[in-house]
Amino acid sequence: MADTSLSSASVCSRGPPGIGNQGESAITPPDRRHGSPTSWSIPVGVYTARELVRRFAPLLDTVVHHLGPDPPNTKPARIILLDNVAANLSTDMRESSLPLYDLSDISRREIRDQARRIGQVLVQWAREYANEPYDPELHLRGPGDGHLLIPSSMSLMYTRCTRPHHMQLLNEYMRQMVVLRDALLPFQNFYAVPIPVDGRARGIRHLEAPRERFLTTVFSGHITQASIVTLARAVLAPHLPITMTGGYGFQYTHGLILPAILAGGVVPYHLLRFVPSKIDSSAPDVLFDYHFPNYYEAPRGHVPAGPPTLLTRYPIDLPSKQEQLQTAGIGLQAGSSASPVRGLELRLEFKSGDVARVDVGQIARGLRHSYEALEETRDSTTNHSVFLHSASEILIQPGWGLSTTEKPGFHVIPVDDPTIALALLGKLYPRNVILLPNDEQLGQTDDVGEDCEAKFVIWGGFKRGGLKGVF
């Protein structure tokens, strides 16, 4: 029995040439009058992920060409080899290049789900590019990257590959696909991101080192927002300045990379989102960094608390219901326009004329530190003694300090608008903040957070779903 644990770098190439002369090849090679070996590269330029997959196709199709016509009533060689790539891009198979199984850690679950989603899309694109031009004389030598072969793929390459460099071509194709999948991990809308390729290495192998550094954080279980942003910078804008925190996003030649929380909807935990526009058209590259590198050292303002009140259901008759937004938008914080490191603020203008400004980085940070209320509690309908606050009294404060209180107990902020709820996450000191949908009960927050301190409950503007809710 063949050893099915062999990798793509170890498959023997001494098998007989293509077996059978019936059936038809899915690919027709170009007409070549002369046959000197050629190498493979990607021209310098800017590509989407789909365009890169298309550029990788000649590596695979040259191998398929040399495997010869497919015997009748058998699965085509190209499909078998792409099944192998699908296994390499999975997270739960023996051949996985990023094995991540059921995990309790939210950040690793996010990366696992993101890797699965990207891998499936990349393979689907690869299956669609079945008739691209290729060069049957393509030849290259490369390192053995150790990507495992599924049994059917190994059998195919062992019996039908004719020269050692055919295996090298397949290995290179696998590697380019794996590196691309991993380079796209930070981006929620990975399919839209313009990726510069400068020709410094074969294909996108210049991303090998930052990829390896990021995977170290994945396998060690210490994924941070800084590690996500660091990988995104390495892929898109490696020349950006470095700060103590690493920043939370950036502007580069082709657009913006921002915390995906700003897009609304199902909120991710760490992921970023590409936006095809610029905040400052006069500055090609800007790193967006936190207003407070260490929120522990941020100035804190104490929210005054009136007399407590008994509360069970979502309060529908509070003055806070009148706090309607006029406009909301993202802009640069005041500062030196020449600085390559800036801050972003969420600006809220209420119909009352009041204006709130909240640090975007702190919003993303506040979400990561927040708690979700339990989904159900036996005594969830019990009356609770709480301190009620309006969102405006917390958001419309002078300066950039974070809000907290000296009074222990439940401090409830009823909210209707998801944008206001997000703004509150960036304004409250992120120690004991709980998110509660407005159709659920306050008792579901009893056993959440730290009992010894005040609890701020953002009641409304949030629904359950995804990793950190839906806004």
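**Figure 1. Helices α1 and α3 are oblique to each other in this predicted model.** Oblique is the class for angles left over once those under 35 degrees (roughly parallel), over 145 (roughly antiparallel) and 65 to 115 (roughly perpendicular) are taken out. Helix α1 covers residues 49-67 and helix α3 residues 106-128; their axes come within 9 Å and cross at roughly 50°. Axes are lines fitted to C-alpha atoms, for helices over the stretch in contact, and angles run from 0 to 180 degrees between N-to-C directions. Helices (H or I, at least four residues) and strands (E, at least two) are DSSP runs, numbered from the N terminus. The crossing of α1 with α3 is right-handed, meaning that the near helix is turned clockwise from the far one by less than a right angle. Ala49, Arg50 and Val53 of α1 and Leu122, Trp125, Ala126 and Glu128 of α3 make the contact, where contact means heavy atoms within 4.5 Å. By class, these residues are 5 nonpolar, no polar and 2 charged. Ala, Val, Leu, Ile, Met, Phe, Trp, Tyr, Cys and Pro count as nonpolar, Asp, Glu, Lys and Arg as charged, and the others, Gly among them, as polar.

Residues are numbered from 1 along each chain as its sequence is written. Because the model is predicted, local features need pLDDT of at least 70 and side-chain atom pairs count only at pLDDT 80 or more, while totals for chains, interfaces and linings use all residues; side-chain values use heavy atoms, with hydrogens and water left out.

**Figure 2. Helix α1 also packs against α2.** The axes of α1 and α2 cross at roughly 135° and come within 9 Å, which makes α1 oblique to α2. This crossing is right-handed. From α1, the residues Leu60, Asp61, Val63, Val64 and Leu67 meet Ala77, Arg78, Leu81 and Leu82 of α2. The contact of α1 with α2 has 7 nonpolar, no polar and 2 charged residues.

**Figure 3. Asparagine 73 lies in the loop between α1 and α2 (77-89).** Its phi is near 60°, a positive value in a residue other than glycine. Most residues other than glycine have a negative phi. Is asparagine 73 buried or exposed? With a relative accessible area of 84%, asparagine 73 is exposed. Buried means under 20% relative accessible area, exposed over 50%, and partly exposed in between (1.4 Å probe, protein chains only).

**Figure 4. Six strands form an open sheet with mixed pairing.** The strand order is β8-β14-β16-β18-β17-β13. At the edges stand β8 (309-311) and β13 (371-372), each of which pairs on one side only. Two strands pair if DSSP finds at least two bridges between them. Strand β8 is antiparallel to β14 (residues 384-388), with 3 bridges, and leucine 310 stands opposite serine 385 in β14. Helix α10 (residues 418-427) lies across β16 (410-414), β17 (433-436) and β18 (455-459), and runs at about 165° to β18.

**Figure 5. Histidine 389 sits in the loop between β14 and α9 (391-395).** Histidine 389 counts as buried, at 3% relative accessibility. Leaving out residues up to four places away in sequence, histidine 389 touches Val303, Pro304, Ala305, Ile394, His411, Val412, Ile413 and Pro414. Phenylalanine 456 is 67 residues from histidine 389 along the chain, and their C-alpha atoms are separated by 9.6 Å.

**Figure 6. An antiparallel open sheet has the strand order β9-β11-β12.** The edge strands, each pairing on one side only, are β9 (325-332) and β12 (355-359). From one strand to the next, the twist averages 20°. Strand β9 pairs with β11 (residues 344-350) over 7 bridges, and alanine 328 stands opposite leucine 348 in β11. Helix α8 (residues 360-369) packs on this sheet and touches β9, β11 and β12, its direction making about 70° with that of β12. Helix α10 touches β9, β11 and β12 as well, and its direction makes about 130° with that of β11.

**Figure 7. Helices α8 and α10 pack at an angle of about 90°.** Their axes are 7 Å apart. The angle makes α8 roughly perpendicular to α10. Gln362, Ile363, Gly366 and Leu367 of α8 meet Leu422, Ala423, Leu425 and Gly426 of α10. The residues of this contact divide into 5 nonpolar, 3 polar and no charged.
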